[in-house]
Amino acid sequence: MLLAIDVGNSNSSIGVFEGEHLRCELRLATHRDWTRDEFAIKLERALALQGMGFAGIHDAVLASVVPPVTEPIVAALARYVGVEALVVTPALETGMPVLYEPPQDVGADRIVAAIAAHERYARLDAGPDAVAGTGPQTTAIIIVDFGTATTFDVVSPTPEYLGGVIAPGVGISADALFRRAAKLPRVDVAKPASVVGRNTVGAIQSGLFYGYVGLVEGLLTRIRGELSWEARVIATGGLARKVAHETSSIDVVDDNLMLEGLRLLHLRKRGPVR
């Protein structure tokens, strides 16, 4: 089986694949001071909750946006699982040209998500509007990832990674509001009963939630206005489903987009896991 690890700033997603099938998905809080042994203990316990162990893992792939934890994780996998992880870095040839300047500034997670989104959602079904003799028709893809930061990534039909947008995540916005406004309470980010708040908590929730929906809709409209192709919007990350329910701008929500991208990239670079 293949172990796929996506290390984010706040949380790390871990998936175990048997062929194309995602057997389980785990989530750990990311700690920048993880040691090799601490991560191994966390991973072993999390897998045990799913009835799995290190013995069934035959290879691993890792993408990390937190450089201090990459080396301890790789070392833990080598020592305790017995695998040499494929690490996604700017130097790794992914098969998708990056037009961002400089290319190495694009986070590994964004490229991995772009690969998965294009592979899964860019192809259009043949129909009366398909052009004969041109092969499968594809759309551009816009990926909206609701993480610590909210990122928008744009992929051409070719595919090429064209660039994107980085905005503060809603959690960062909520935290900043609480810290900088002495009289305002900290509130959970949730859909309020109405847009017009009847109390302070409701008013803050409305500003955070509906303000965020407006940010997503506005940026998607502007991004689409700069593209020469039809585009599908794929959302992933913590708030993806909540926001998708409030807007028609999002076409698909894929909770495991990053893990699927890691599986696809591993398949391209190393082939099927035995």
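Which side chain is joined to that of threonine 247 by a polar contact, and at what distance?

Modeller: The model is a predicted one. In it, the side chain of threonine 247 is joined to that of glutamate 217 by a polar contact of 2.8 Å. Threonine 247 belongs to the loop between helix H6 (240-244) and strand E12 (252-253). Its relative accessibility is 9%, and because the limit for a buried residue is under 20%, threonine 247 counts as buried. When residues up to four places away in sequence are set aside, threonine 247 touches Val213 and Glu217.

The crossing of H4 past H5 is right-handed. On the H4 side the meeting residues are Val170, Ser173, Ala174 and Leu177, while H5 contributes Ile204, Leu208 and Tyr212.

Threonine 70 is placed in helix H2 (residues 67-81). With 18% relative accessibility, threonine 70 is classed as buried, since the limit is under 20%. Its side chain makes a polar contact of 3.2 Å with the side chain of serine 64. Beyond the neighbours within four places in sequence, threonine 70 is in contact with Leu62, Ser64 and Val87.

Helix H2 also packs against helix H1 (residues 36-49): their axes come within 8 Å and cross at roughly 65°. That angle makes H1 roughly perpendicular to H2, as the range for this class is 65 to 115 degrees. H1 passes H2 in a right-handed crossing. The contact involves Arg36, Asp37, Phe39, Ala40 and Leu43 on H1, and Pro72, Ile73, Ala75, Ala76, Leu77, Arg79 and Tyr80 on H2.

Apart from neighbours within four places in sequence, valine 65 is in contact with Val7, Gly8, Asn9 and Asp109. Valine 65 and arginine 23 are 42 residues apart in sequence, with 24 Å between their C-alpha atoms.

An unreviewed UniProt entry gives the annotation "active site" for Asp109. In the model, aspartate 109 is placed in helix H3 (residues 108-121). With residues up to four places away in sequence left out, aspartate 109 touches Asp6, Val65 and Met258. The unreviewed UniProt entry also lists Asp145, under "binding site". Aspartate 145 is part of strand E8 (residues 140-146). Its relative accessibility of 17% is why aspartate 145 counts as buried. Aspartate 145 touches Thr150, Thr151, Thr236 and Gly237, not counting residues up to four places away in sequence.

Most peptide bonds are trans. Glutamate 101 and proline 102, however, are joined by a cis peptide bond, with omega at about -15°. Proline 102 sits in the loop between strand E5 (86-87) and H3. A cis peptide bond also joins threonine 158 and proline 159, where omega is about 10°. Proline 159 is found in the loop between strand E9 (149-155) and strand E10 (161-168).

A last position returns the account to the region where it began. Glycine 19 lies in the loop between strand E2 (11-18) and strand E3 (21-29). A relative accessible area of 57% makes glycine 19 exposed, because exposed means over 50%. Along the chain, glycine 19 and histidine 245 are 226 residues apart, and their C-alpha atoms are separated by 32 Å. Threonine 247, by contrast, is buried at 9% relative accessibility, with its side chain joined to that of glutamate 217.

How values were computed. Residues are numbered from 1 along each chain as its sequence is written. This is a predicted model: local features need pLDDT of at least 70, side-chain atom pairs count only at pLDDT 80 or more; totals for chains, interfaces and linings use all residues. Side-chain values use heavy atoms; hydrogens and water are left out. UniProt positions are given in the numbering used here, feature names are shortened, and annotations may be inferred rather than shown by experiment. Helices (H or I, at least four residues) and strands (E, at least two) are DSSP runs, numbered from the N terminus. Buried means under 20% relative accessible area, exposed over 50%, partly exposed in between (1.4 Å probe, protein chains only). Contact means heavy atoms within 4.5 Å. A polar contact is a pair of N or O atoms within 3.5 Å; within protein, one must be able to donate a hydrogen and the other to accept it, and residues adjacent in sequence count only if both atoms are side-chain atoms. A crossing is left-handed if the near helix is turned anticlockwise from the far one by less than a right angle, and right-handed if clockwise. Axes are lines fitted to C-alpha atoms, for helices over the stretch in contact, and angles run from 0 to 180 degrees between N-to-C directions. Angles under 35 degrees count as roughly parallel, over 145 as roughly antiparallel, 65 to 115 as roughly perpendicular and the rest as oblique.
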